[in-house]
Amino acid sequence: MYRHIINPEKKKGHINPEIQGHFSEHLGRCIYEGIYVGENSDIPNKNGMRTDVVEALKEMKIPVLRWPGGCFADEYHWMDGIGEKASRKKMINTNWGGVVEDNSFGTHEFMELCEQLGCKTYINGNVGSGTVREMSEWVEYMTFDGVSPMADLRKKNGHEKPWTVDYFGVGNESWGCGGNMLPEYYADIFRHYQTFVRNYNPDKKIKKIAVGPSDKDYNWTEVLLNKCFMGQGKFPQNYGYMNGLSLHYYTLPYDWDRKGAATGFNEKEWYMTLNKTLFMEELLTKHSAIMDRYDPENKIGLIVDEWGTWYDVEEGTNPGFLYQQNTMRDALVAGINLNLFNKHCKRVHMANIAQLVNVLQAVILTEGAEMLKTPTYHVFKMYSAHQDNELIESSIDTKQIGLEDSYMVPNLSESVSVDRDGRVHITIANLSVSEDYEIESTLLGKEIKAVNGEIITGKMDAHNTFENKETVKLVSFDAVSIKGDKLNYVLPACSVLHIEVTL
Ligand code: AHR
């Protein structure tokens, strides 16, 4: 039996809903087809946005959406995506398949999408090939409520009132596709560009995100923070001019040359993948330790704005479109990472899985008018119970499992939070392909009145197809016995479980 100790009296930090955020890039069939089909499409839509996709994402409680990239962001010129659609400039998507885009999805369409979804907005600006003026004018266009060249242009294009930009990324992967810069250089660029990301509405300040490291590039974090905090002696409230520092880390079973298949993998690849994804824990800990030295009060968020699995593309699909299936293995990857983000919620203020629809570890796949929810979708829906809660102290006994010494993993992953009404939410994942485990969760000093459980489980590469959309889905889980402050249950192999506890 595995002892799971929960101390509801020990609050460990606030779980920002944005920890469960998403990312949508102009890449493959994410925006076009996956989300936006245009007003004249036969696929049911509202102002061009697929109704089925919007409804599913609302049900999953999507809290925030990042757009337009990714690598695409550093080649995106926002003015090409406004005004009369027929006369918008076409552009080559050089990063992703070299396809020509007609710019019919631009700023107005993104804002419309977020309004339909009821989620926050995270816009990523162009540093790599854009100018300070271009970035500054985009912010003015979107957020200024008054008379100005950009606000007037927005009104002329049919939107009288400004929108809210909750987060603004000053470049993307500036160490790579965003300009191949060194951290010393980017630090100056960031200080410069962010100056002109103006806050026109003091009640709705834009949170500025600096380009942070790629996985374990601790030097990037150190140099950037060092240079951004320089000369701020008198103004420590500037916090290095940033509200967030991004971190990108993808889970590849093998490496960039041969990533591994999304389906039809073996047990060894299962454990390799989970082992690789668990590296996130070390990344969060070590980057946070550097940030702690500059910002001990956790004012600057670590923004994991690209994470998730990256496999070889599905056979017969465009290699530049990054289309992959999604199995129970992805459900485990999602559960493990969301538990980690919860545990690190003091520092991790937002995270955005890559990407929303039809790209990488997507929550939704589409084919023509058809849509399906992936196992990852169901995990996000389940974990939405943690949004806006307080993390509470918890720990669990584990043992190491796996097939090879170098790819061992702990058998269990968990996190626990309490919501505003005092209900406790336990999410727990079983990383074993074959073993069930008996768990005893103890809520120290509490009398448990009732529980409600939901679970996702199946064979390791179980997935949903357009022929069979519900092979993997959430089902209720009643096999929990209550005794005083304890819950006893058997957690099936290869599963993610949510138990809501009423005290
Ligand atoms: O998500 C796909 C790509 O991965 C993004 O465009 C880029 O930022 C990262 O390298």
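**Exercise 1. The two domains**

How much area is buried between domain 1 and domain 2, and what percentage of it do carbon and sulfur atoms give?

*Solution.* Start with the model itself. This is a predicted model, where local features need pLDDT of at least 70, side-chain atom pairs count only at pLDDT 80 or more, and totals for chains, interfaces and linings use all residues. Residues are numbered from 1 along each chain as its sequence is written, and side-chain values use heavy atoms, with hydrogens and water left out.

Step 1. Find the domains. Domain 1 covers 2–8 + 392–502, and domain 2 covers 16–388. These bounds come from an automatic or database domain assignment.

Step 2. Locate the centres. Taken over C-alpha atoms, the centres of domain 1 and domain 2 are 29 Å apart.

Step 3. Look at the contacts. In domain 1, 45 residues are in contact with 42 residues of domain 2. Contact means heavy atoms within 4.5 Å.

Step 4. Give the area. About 3,500 Å² is buried between domain 1 and domain 2, and carbon and sulfur atoms give 66% of this. Buried area is the accessible area (1.4 Å probe) that two parts lose on being put together, summed over both.

Step 5. Name the main residues. On the domain 1 side, Y407, M460 and F466 lose the most area to domain 2, together 21% of what that side buries.

**Exercise 2. The barrel**

State the strand order of the barrel and the sense of its pairing.

*Solution.* Step 1. Helices (H or I, at least four residues) and strands (E, at least two) are DSSP runs, numbered from the N terminus. Two strands pair if DSSP finds at least two bridges between them.

Step 1. Eight strands close into a barrel, in the order β2-β5-β8-β9-β10-β11-β12-β13, with parallel pairing. From one strand to the next, the twist averages 25°. Here axes are lines fitted to C-alpha atoms, for helices over the stretch in contact, and angles run from 0 to 180 degrees between N-to-C directions.

Step 2. Zoom in on one pair. Two bridges link β10 (residues 207–210) and β11 (residues 244–251) in the parallel sense. I209 stands opposite G244 in β11.

**Exercise 3. The nonpolar cores**

*Solution.* Step 1. Define it. A nonpolar core is a set of buried Ala, Val, Leu, Ile, Met, Phe, Trp, Tyr and Cys residues joined through side-chain atoms within 4.5 Å. Buried means under 20% relative accessible area, exposed over 50%, partly exposed in between (1.4 Å probe, protein chains only).

Step 1. The largest core has 146 residues, and F168, Y186, W307 and F341 touch the most other members. Helix α9 (residues 328–343) gives the largest share, nine residues.

Step 2. Inspect F341. Leaving aside neighbours within four places in sequence, F341 is in contact with I19, M280, L284, V304, W307, V348 and A351.

**Exercise 4. Buried or exposed?**

Does H287 count as buried or exposed?

*Solution.* Step 1. Locate H287. H287 lies in helix α8 (residues 279–294).

Step 1. Check accessibility. H287 counts as buried, at 1% relative accessibility.

Step 2. List contacts. Not counting residues up to four places away in sequence, H287 touches P213, D215, K216, D217, Y218, T221, L247 and L302.
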